[in-house]
Amino acid sequence: AKNQGRNAVCFFSQELEAELMKRHGLEHLLREALEKESLIVLFQPQIEMVSGQVCGFEALARLQDSDGNWISPLDFIPLAEEIGLIDTLGQQVLQQSCAFASQLMGLGKDLKVSVNVSAQQIRNRQFIDYVVQCLESSQVRSRMLELEVTESALIDDYEQTRKTLQTLSNMGVSIAIDDFGTGYSSLSYLKSFPLDVLKIDQSFIKDMGSDEQSHGIVQTIVLLAKALGLWLVAEGVETPSQLSELRTMNCDVAQGYLYAKPLESQAAYEFAERNIAA
Ligand code: C2E
Ligand code: CA
Ligand code: CA
Ligand code: CA
């Protein structure tokens with residue numbers, strides 16, 4: 001038993017060491033990408049369900065390691081928050097998103113680019129200035145920009161966040177609640193925040209076909225959005241049967257692998273071009 005104990009400790013420290021090495025490598029990669037401004041931003045199409053026309057894109061960040069593998073934001077966003085790099089990261093995503101939006105203006109259709117912002121970014125007093133500066137330097141109209149925040153970001157620093165989002169909303173920037181239905185907050189914030197869009201979390205879409213409860217939740221969120229005059233986006237739409245169910249429910253917009261994976265900006269632009277021509 002004594003031996004076993006020692007082995008367990010040894011095993012644990014090896015695991016820990018591997019974990020630390022991984023983290024160290026990731027941190028290095030992240031710092032380097034931000035210094036060189038080589039962070040990758042992909043754009044995933046959002047499709048208006050009635051017309052089948054693209055109406056916008058969501059910007060999704062990626063890192064690339066030395067072997068060319070893509071690293072998920074689920075790994076590096078929390079790290080960026082932890083080590084104080086989320087503002088820099090967010091600024092680079094916003095810059096690339098505005099540059100892409102500016103390119104989209106050439107298509108002569110009002111398309112939105114939706115950017116994820118973390119709670120920490122919104123709490124930064126300079127956030128609004130940065131958004132304004134980005135829109136101005138890329139000559140993008142504020143209506144083309146959408147910001148996605150999670151429910152937890154809203155309740156984090158309620159009064160300050162509300163003020164910041166109100167200012168942005170007054171400028172014409174659209175505000176979306178991301179991962180709707182998974183947070184711990186109450187529904188009362190739907191009244192106090194200047195919202196335009198609800199994005200139903202993809203877990204509900206995933207289980208919609210097999211599980212009555214998820215189906216009921218999606219249906220209810222669609223009705224909630226309608227009652228509040230909000231635009232409804234379903235994400236993680238992968239199958240035609242999910243699409244037809246969402247259509248029956250009168251969901252406004254769908255985003256997911258069924259239409260397209262997140263694409264590099266040139267491919268995303270071409271997707272929009274083809275879609276508009278069709
Ligand atoms: P999210 O905002 O909920 O983004 C949707 C995620 O679902 C993306 O994962 C997207 O690639 C994935 N997805 C899209 N369609 C489908 C589908 O049909 N099926 C499935 N299974 N997945 C689909 P991704 O790109 O790995 O991003 C993960 C999360 O990282 C995002 O979740 C978002 O919370 C965060 N994130 C990404 N980029 C940024 C960023 O620039 N800033 C911040 N603060 N967070 C970001
Ligand atoms: Ca999002
Ligand atoms: Ca989401
Ligand atoms: Ca998510």
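Okay, let's start with one residue: D179 is found in strand 6. Keep in mind that what we're looking at is a predicted model.

So what does D179 do here? Both protein donors of the calcium ion (ligand 4) come from D179: they're listed as D179 (OD) and D179 (OD), lying 2.9 to 3.0 Å from the ion.

Which protein atoms are its donors? They are D178 (OD), D179 (OD), E235 (OE) and E235 (OE), and they lie 1.9 to 3.0 Å from the ion. If you follow the donor residues along the sequence, the spacing reads D-D-x55-E. Now, D178 lies in strand 6, residues 174-180, while E235 is in strand 8, residues 231-235, so this pair ties together parts that are 57 residues apart in sequence.

D178 has another partner too. Where does it reach? D178 bridges the calcium ion (ligand 3) and the calcium ion (ligand 2), with 4.0 Å between the two ions.

Next stop, then, is the calcium ion (ligand 2). Its protein donors are E58 (OE), N116 (OD1), E148 (OE) and D178 (OD), at 2.1 to 2.3 Å from the ion. Along the chain these donors follow the spacing E-x57-N-x31-E-x29-D. Distant parts of the chain get linked here as well: N116 sits in strand 4 and E148 in strand 5, 32 residues apart.

Strand 4 covers residues 112-116, and four bridges join it to strand 2, residues 54-64, with the two strands running parallel. For one example, look at G56: its bridge partner in strand 4 is K112. Strand 4 also pairs with strand 5, residues 145-150, again through four bridges and again parallel. There, S114 stands opposite E146 in strand 5.

Okay, on to the helices. When two helices pack, you describe them by the angle between their axes and the distance between those axes. Take helix 3, residues 86-104, and helix 5, residues 127-138: they pack at an angle of about 30°, and their axes are 9 Å apart. Anything under 35 degrees counts as roughly parallel, and helix 3 and helix 5 are therefore roughly parallel to each other. Their crossing is right-handed. Who makes the contact? From helix 3 it's Q91, L94, Q95, C98 and S102, and from helix 5 it's Y130, V131, C134, L135 and S138. Sorted by class, the contact of helix 3 with helix 5 has six nonpolar residues, four polar ones and no charged ones.

Helix 5 has a further neighbour, helix 7, residues 158-171; the axes of helix 5 and helix 7 come within 10 Å and cross at roughly 20°. That angle makes helix 5 roughly parallel to helix 7. The crossing of helix 5 and helix 7 is right-handed. On the helix 5 side, the contact uses F127, I128, V131, V132 and L135, and on the helix 7 side T164, T167, L168 and M171. How many charged residues are in the contact of helix 5 with helix 7? None: there are seven nonpolar and two polar residues.

Conventions: Residues are numbered from 1 along each chain as its sequence is written. Chains are lettered from A and ligands numbered from 1 in the order in which they are written. This is a predicted model: local features need pLDDT of at least 70, side-chain atom pairs count only at pLDDT 80 or more; totals for chains, interfaces and linings use all residues. Side-chain values use heavy atoms; hydrogens and water are left out. Axes are lines fitted to C-alpha atoms, for helices over the stretch in contact, and angles run from 0 to 180 degrees between N-to-C directions. Angles under 35 degrees count as roughly parallel, over 145 as roughly antiparallel, 65 to 115 as roughly perpendicular and the rest as oblique. A crossing is left-handed if the near helix is turned anticlockwise from the far one by less than a right angle, and right-handed if clockwise. Contact means heavy atoms within 4.5 Å. Ala, Val, Leu, Ile, Met, Phe, Trp, Tyr, Cys and Pro count as nonpolar, Asp, Glu, Lys and Arg as charged, and the others, Gly among them, as polar. Two strands pair if DSSP finds at least two bridges between them. Donors are N, O and S atoms within 2.8 Å of the metal (3.2 Å for Na, K and Ca); water is not among the atoms, so sites may look incomplete.
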